[in-house]
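Here is a short report on one protein model. Look at the sequence and the structure first, then read on.

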Amino acid sequence: MVKEARFKMSQERLQELKDELIYLQTVREKEVAQQIKEARSFGDLSENSEYDEAKTEQGKLYSKIAEIKNLIDNAEIVIVSARTDVVSIGSRVTVKDLELGSEETYEIVGSQEADPIMSRISDDSPFGKGLLDHKAGDVVEIDAPAGILKFEILKID
């Protein structure tokens, strides 16, 4: 038996997924069914591009529903630690790039909540993994495609 992957996320993210699933299964599914019904009324289905598009949309919808159900079924709720002495999921970490001298602050989150543009880094990413369980003052080495990058952890919130 294959072990299902677990998806780390906050309780808030799990609720967002549940809300999205309800929307897709109720509102969106009815909209797509209506599109198919309207397209059928145009006649010959073999040359009906509206019908083909509606069926493609239905396939995408069912795929998205299945994906969200899988995420919900395999969700692992992450409890954010109140500790600020070591980096863990939920930590806001200020690091200094030792090569460039620049400082950045990142939040370590589960893979389902990662958004690098918003400085939310997955605990499964090389950078996130490299920071986990380290303390302020530690220098960490991250193996990146560009080579080994060194960062000093300045602060953990």
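## Ser 119

Ser 119 sits in the loop that links strand S4 (103–109) and strand S5 (120–122). The model is a predicted one. Phi of Ser 119 is near 60°, a positive value, and the residue is not a glycine. Most residues other than glycine have a negative phi.

## Asp 133

Asp 133 also has a positive phi, about 70°, without being a glycine. Its place is the loop between helix H3 (126–131) and strand S6 (139–144). Asp 133 has a relative accessible area of 63%, so it is exposed; the cut-off for that class is over 50%.

## The largest nonpolar core

The largest nonpolar core has 17 residues. Met 9, Leu 17, Ile 68 and Ile 72 have the most contacts inside this core. Three elements each supply at least two of its residues: strand S1 (7–9), helix H1 (11–40) and helix H2 (49–73). In soluble globular proteins, nonpolar side chains tend to be buried together.

Which residues does Met 9 touch, leaving out those up to four places away in sequence? They include Leu 14, Leu 17, Leu 71, Ala 75, Ile 77 and Val 78. Glu 76, Gln 112 and Glu 113 are also among the residues touched by Met 9.

Note on methods: Residues are numbered from 1 along each chain as its sequence is written. This is a predicted model: local features need pLDDT of at least 70, side-chain atom pairs count only at pLDDT 80 or more; totals for chains, interfaces and linings use all residues. Side-chain values use heavy atoms; hydrogens and water are left out. A nonpolar core is a set of buried Ala, Val, Leu, Ile, Met, Phe, Trp, Tyr and Cys residues joined through side-chain atoms within 4.5 Å. Buried means under 20% relative accessible area, exposed over 50%, partly exposed in between (1.4 Å probe, protein chains only). Helices (H or I, at least four residues) and strands (E, at least two) are DSSP runs, numbered from the N terminus. Contact means heavy atoms within 4.5 Å.
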